[in-house]
Amino acid sequence: MRALVLQTEELDPAASDWLAERADLRRCSPDEPGFADLLAEADALVVRTYTIVNEAMLAKAPKLRAVARAGVGLDNIDLRACERRGIRVLNTPDANTQAVVELVVSFVLDALRPRLFLDKALPLKEWKRVRDDLIAPRQLGDLTVGVLGLGRVGTRVARVFEAFGCRVLYNDLLELHRDNLRAKAVDLDTLLRSSDVLTVHVDERASNRDLIDAGALARMKPDALLINASRGFVVNPGALASWLGSNPGAQAILDVHEPEPFTSDYPLLGLPNAHLAPHIGAATAQAKRNMSWVVKDLWKVLCGEKPEHAAV
C-alpha cells in the first residue's frame, strides 16, 4: 500500500509529479472540506509558509511520520510537538540563499541610489535638473555594513558587500568565523552603533523575538538603514515606528512581518521612511524549484532512509 502524503500548498509541478509517482499524493489545504479525513490517514505532510503544524493538527494525524517544509524557516511548525511524537521534520536550508541575498542587495541599492528612466526627450535645463535630483548623498562603498547573524545568508551577504568595498562587521550568537571573509566580528552594541546599514539574518529561535527593540534602535545611527529579511518577530514594529518617526533620515525596509499578512493597524504603515515588501525573499523561480525538492528527503524518510536535511 502506497504512503498517503498531503500537499497543502503550491510546489513546483515537477517535484509534485515526482512524488506522485511514488506515493498517494493528495493536494488539499487545511481549510478545504475533507482535509480532516485525509489528515487522519496521512503518513506525511508537505507544507510551505502558511500551514500551521501545531499540537492541535498533530493530534488529528495519528499515522503521521514526517512533515516536509518546502523552505528554510520552521516558524510554522511546532518542532517539540513533532519530536515528542517521533515525527521527522525536513526543510531545505540552502534552497533560497541566493534569492534572499539578491533581494537584500537590491533593497540597499534602492535606498541609497535614486534612479529613474526617461520616457521622453528633455530640454537641457530639465535634463540638468533631473540629474541633480538623482545625486546620491551616500555611496555604498564608503559605508559600514553590519550583518546580524552569520549563517548561510548572512555570510554570502557579507561577501557581496565586501566586494562593493564596504567595511563589513558582523555579530553572531555562535561566534562563527568564515574562511575567506574579511568581515570583523564585533559585539552587538558595536554593531548597532557602527553600522550605516544593518541587515538582519538571524534564525527562528525564541530568544530572537524583539531582538531589535527600542533599546537596540536607540543605539543605531540616526540615518541608518535597517533591512530585515529574516523573521518578522525579530524587529519590534512599534519600537521601529517610533524610532523612524524620531529619525526622519533613517530608513527601514522589511520583507518579513508579524503577522503575515499584516493588518491595517500595523504601526509601520504610512511612514515615509518604512518600506514594506510582501515576503518575497524566496520569490524567484529557481528558489521555488529548489525548495520544492524537499520531497526527495521526504521520500527517504518514508522508505526508512536517512534524509539529507532534518530539523527533527
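**Nonpolar cores, a surface patch and aromatic pairs**

L118 is partly exposed, its relative accessible area being 44%. In this predicted model, L118 sits in the loop between α5 (97-112) and α6 (124-133). Together with L116, L124 and W127, L118 makes up a nonpolar patch on the surface, and the four residues share about 410 Å² of accessible area.

In soluble globular proteins, nonpolar side chains tend to be buried together. The largest nonpolar core here has 29 residues, of which V108, V147 and F161 touch the most other members. At least two residues of this core come from each of α5, β6 (144-148), α7 (152-163), β7 (167-171) and β10 (225-228). Helix α5 gives the most, with nine residues.

F161 has a relative accessibility of 0% and therefore counts as buried. Apart from neighbours within four places in sequence, F161 is in contact with V104, V105, V108, L140, V145, C166 and V168. A second, separate core holds 28 residues, including L240, L244, A250 and A252.

The model has three aromatic pairs. One of them joins W18 and W293 edge-to-face, at 6.0 Å centre to centre with 75° between the planes. This pair links distant parts of the chain, since W18 lies in helix α1 (residues 13-20) and W293 in the loop between α11 (285-292) and α12 (294-302), 275 residues apart. W18 is buried at 18% relative accessible area, whereas W293 is partly exposed at 30%.

F161 also pairs with F164: the ring centres are 6.2 Å apart and the planes stand at 35°, so the pair is tilted. F161 is buried, but F164 is partly exposed, with a relative accessible area of 38%.

Note on methods. Residues numbered from 1 in each chain as written. Predicted model: local features only at pLDDT ≥ 70, side-chain atom pairs only at ≥ 80, totals over all residues. Heavy atoms only, no water. Patch = residues over 30% accessible without salt bridge, like charges linked within 9 Å, V, L, I, M, F, W, Y side chains within 5 Å. Areas by Shrake-Rupley, 256 points an atom, 1.4 Å probe, with all protein chains shown as cover. Salt bridge = Lys/Arg side-chain N within 4 Å of Asp/Glu carboxyl O. Helix = DSSP H or I, 4+ residues; strand = E, 2+ residues; numbered from the N terminus. Buried < 20%, exposed > 50% of the residue type's maximum accessible area, 1.4 Å probe, protein only. Core = buried A, V, L, I, M, F, W, Y, C linked by side-chain atoms within 4.5 Å. Contact = heavy atoms within 4.5 Å. Phe/Tyr/Trp six-rings, centres within 6.5 Å; stacked < 30°, edge-to-face > 60°.
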